[in-house]
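Hello,

Here is the structure for you to look over. My notes on what was found in it follow below.

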Amino acid sequence: MEKKEIKSIVEAMLFTWGDPLELKEIASIIDLNEKELEPIIDEMMDEFDYNFRGLKIIRINSAFQLVTRPDHYEWIKKLSTTTSSKNLSNAALETLSIIAYRQPVIKSDIEAIRGVRCDRSIETLMNKELVKELGRLDKIGRPIIYGTTDNFLRNFGLEKIEDLPPLEEFEKKEDTMDENDDIMKGE
């Protein structure tokens, strides 16, 4: 099979499926080795970006998905008639941040960091499929262990969880902000 035909088939599969498709699944369907297919999909990603097409292929862990280009959000939003997709509250964002950086993590650890209960926030994050239960801890009470989902990666434009910015970046910004506050107060 020619590379041009493989690209056409992969594009059609990603478009039709909608959700992320694992590399091994695509390779199995096309009857191609994963090591041969991956560079072809990488080349497709580059071509979509180079030609600034309305769609792009993103990688989420070992899966690929065809999505709209974020630059066109303003116009695509005008097509949408639903208003059910509310933004996350500050409490939910804090909870999500803790889960993302500390996963796998249990609720009591999240609450210890935040200093307040987080039942509602976790429920919201699970309903939006940003967080999932990873299992239970083998200790008294068997608490639920939480982690992020591929949907979290997709929504935040990450390929893998390791792509989160290091916490040290936030600490440096916070230190700079504290110094600026001291200067503003005349200290």
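Strand 2 and strand 3 (residues 63–68) run antiparallel and are joined by 6 bridges. Helices (H or I, at least four residues) and strands (E, at least two) are DSSP runs, numbered from the N terminus. Two strands pair if DSSP finds at least two bridges between them.

This is a predicted model: local features need pLDDT of at least 70, side-chain atom pairs count only at pLDDT 80 or more, and totals for chains, interfaces and linings use all residues. Residues are numbered from 1 along each chain as its sequence is written, and side-chain values use heavy atoms, with hydrogens and water left out.

Next, the helix pairs. Two packed helices are described by the angle between their axes and the distance between the axes. Axes here are lines fitted to C-alpha atoms, for helices over the stretch in contact, and angles run from 0 to 180 degrees between N-to-C directions.

The axes of helix 1 (residues 3–17) and helix 2 (residues 23–30) come within 11 Å and cross at roughly 125°. That makes helix 1 oblique to helix 2 (under 35 degrees counts as roughly parallel, over 145 as roughly antiparallel, 65 to 115 as roughly perpendicular, the rest as oblique). I6, I9, V10, M13 and L14 in helix 1 meet I26, I29 and I30 in helix 2. Contact means heavy atoms within 4.5 Å. By class, this contact has 8 nonpolar, no polar and no charged residues. Ala, Val, Leu, Ile, Met, Phe, Trp, Tyr, Cys and Pro count as nonpolar, Asp, Glu, Lys and Arg as charged, and the others, Gly among them, as polar.

Helix 5 (residues 90–102) and helix 6 (residues 107–114) have axes that come within 10 Å and cross at roughly 120°. They are therefore oblique to each other, and the crossing is right-handed. A91, E94, T95, I98, I99 and R102 in helix 5 meet I110, I113 and R114 in helix 6. These residues divide into 5 nonpolar, 1 polar and 3 charged.

Look at T95 in helix 5. It counts as buried, at 0% relative accessibility. Buried means under 20% relative accessible area, exposed over 50%, partly exposed in between (1.4 Å probe, protein chains only). Leaving out residues up to four places away in sequence, T95 touches I110, R114, C118, S121, I122 and L125.

Some backbone details deserve a look. Most residues other than glycine have a negative phi, and most peptide bonds are trans. The bond from Q103 to P104 is cis, with omega near -5°. P104 sits in the loop between helix 5 and strand 4 (105–106). D31 has a positive phi, near 65°. D31 lies in the loop between helix 2 and helix 3 (34–50) and is exposed, at 68% relative accessible area. R142 also has a positive phi, near 45°. R142 is in the loop between strand 5 (131–136) and strand 6 (144–148).

Best wishes

Definitions and conventions. A crossing is left-handed if the near helix is turned anticlockwise from the far one by less than a right angle, and right-handed if clockwise.
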